[in-house]
Structures are given as C-alpha cells and as structure tokens.
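Please keep the coordinates open while reading.

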Amino acid sequence: MPKSVYVLNGPNLNMLGQREPEIYGSESLDDIANRTKKHLKTLGFDCEFRQTNSEAELVNWIQEAGRDGAGLIINAAAYSHTSVAVRDALSAVAVPIIEVHLSNIFTREPFRHHSHVSAVAKGVICGLGAHGYLLAADALKELIS
Ligand code: DQA
C-alpha cells in the first residue's frame with residue numbers, strides 16, 4: 001500500500017482564488033489540492049489534503065499525520081506566526097515536515113517574518129505560489145526514500 005503524505009492547510013486558505021489574488025494567486029485550494037495529489041501520485045504517495053480554520057483541528061491532524069503519515073507538508077497560514085500549540089504538535093511527530101507559504105512572508109509585514117513552524121521543519125518554501133506545494137512533495141520524496 002502506498003504511503004500517505006499529509007498536506008495540511010490553516011485558516012483562510014479555503015478562500016484562495018477570492019482572497020487577495022494579487023498576493024495569493026487566482027487558483028482555488030481545490031485546484032492546488034488536485035495538482036498536489038496528482039504530483040504526489042507520480043512520486044508514489046497517497047495524499048491526505050485538508051484545510052481547517054480551527055487551531056484545535058489542525059493540532060489533531062498533525063498528531064494523525066505523525067501516526068499514519070510518511071511525511072507532512074504544512075501551510076499553517078496565520079497560525080504559523082501565532083501558535084505555540086501548532087509548533088508543539090509538530091515537534092512531537094517523527095515524520096519529515098516541509099513548511100510552505102504561497103507568498104514570500106519575508107517581504108511582507110514584520111509580524112509575518114517569524115514562523116513558529118520553521119524551527120521544527122526540515123525545510124521552508126515560500127514565495128513561489130502553488131508551485132511550492134509541488135516542490136515540497138519533491139523534497140519529501142528525497143527525505144523519505
Ligand atoms: C500564508 C502567509 C501567512 O502570513 C498568511 O497569514 C496566510 C497565508 C501564505 O501561504 O502565504 O494566511 O501562509
């Protein structure tokens with residue numbers, strides 16, 4: 001049975017396509033999910049692609065990824081900058097983690113320059129739009145095999 005990569009998305013990413021397209025692009029999260037799933041399949045992985053606006057649900061899914069997944073791609077969105085609970089959940093899982101942001105958080109407001117996720121991720125990809133999810137999948141392929 002193929003191993004699963006979890007792709008977890010945080011708050012407001014359900015609004016992609018409508019939300020500040022000049023920053024986040026015109027693709028919807030469904031478009032990104034389809035592209036990411038297809039790419040992961042070519043790499044030999046199943047994909048659990050999910051989005052939540054709830055911090056508690058995100059923590060529960062990170063724990064699930066640690067139990068049932070082979071790797072984790074996470075765009076924790078605003079929780080990247082605020083959530084010690086998300087960071088602690090990520091620290092507790094043994095699978096490799098790649099952090100993704102669509103926008104380049106370092107060229108934006110100062111409050112976005114720090115991410116609690118980065119310190120516990122194997123790598124960070126930001127500023128490359130939806131393509132970042134595919135690059136994260138490639139990175140996991142290298143880390144897992
Ligand atoms: C984001 C960047 C965050 O600062 C922001 O809160 C988001 C999206 C990105 O993908 O560029 O919601 O994670």
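How many bridges join E1 to E3, and do these strands run parallel or antiparallel? The model is a predicted one, and in it E1 and E3 run parallel and are joined by 5 bridges. These two strands belong to an open sheet of 5 strands with parallel pairing, in the order E2-E1-E3-E4-E5.

**The sheet**

- At the edges of the sheet are strand E2 (45-51) and strand E5 (123-126), each of which pairs on one side only, and neighbouring strands of the sheet are turned against each other by 20 degrees on average, with direction ignored.
- Strand E3 (residues 71-75) also runs parallel to strand E4 (residues 97-101), and 3 bridges join the two.
- Isoleucine 74 in E3 stands opposite leucine 8, and isoleucine 74 also stands opposite glutamate 99 in E4, while leucine 72 has isoleucine 97 as its bridge partner in E4.
- Strand E3 is mostly covered, with 5 of its 5 residues buried; Gly71, Ile73 and Asn75 point one way from the strand, whereas Leu72 and Ile74 point the other way.

**Helix H2 and its neighbours**

- Helix H2 (residues 29-42) lies across strand E1 (3-9) and E2, and the helix runs at about 165 degrees to E2.
- The axes of H2 and helix H6 (residues 131-144) come within 9 Å and cross at roughly 20 degrees; because that angle falls under 35 degrees, H2 counts as roughly parallel to H6.
- The crossing of H2 and H6 is right-handed, and the contact is made by Ile32, Arg35, Thr36, His39 and Leu40 from H2 together with His131, Tyr133, Leu134, Ala137 and Asp138 from H6.
- Sorted by class, the residues in the contact of H2 with H6 are 5 nonpolar, 3 polar and 2 charged.

**Alanine 76**

- Alanine 76 is found in the loop between E3 and helix H4 (79-82).
- The relative accessible area of alanine 76 is 1%, and the residue is therefore buried, since the cut-off for that class is under 20%.
- Leaving aside residues up to four places away in sequence, alanine 76 touches Gly10, Pro11, Leu58, Val86 and Val117.
- Between alanine 76 and serine 54 there is a separation of 22 residues in sequence, and the two are 11 Å apart in space, C-alpha to C-alpha.

Methods:
Residues are numbered from 1 along each chain as its sequence is written. This is a predicted model: local features need pLDDT of at least 70, side-chain atom pairs count only at pLDDT 80 or more; totals for chains, interfaces and linings use all residues. Side-chain values use heavy atoms; hydrogens and water are left out. Two strands pair if DSSP finds at least two bridges between them. Helices (H or I, at least four residues) and strands (E, at least two) are DSSP runs, numbered from the N terminus. Axes are lines fitted to C-alpha atoms, for helices over the stretch in contact, and angles run from 0 to 180 degrees between N-to-C directions. Contact means heavy atoms within 4.5 Å. Angles under 35 degrees count as roughly parallel, over 145 as roughly antiparallel, 65 to 115 as roughly perpendicular and the rest as oblique. A crossing is left-handed if the near helix is turned anticlockwise from the far one by less than a right angle, and right-handed if clockwise. Ala, Val, Leu, Ile, Met, Phe, Trp, Tyr, Cys and Pro count as nonpolar, Asp, Glu, Lys and Arg as charged, and the others, Gly among them, as polar. Buried means under 20% relative accessible area, exposed over 50%, partly exposed in between (1.4 Å probe, protein chains only).
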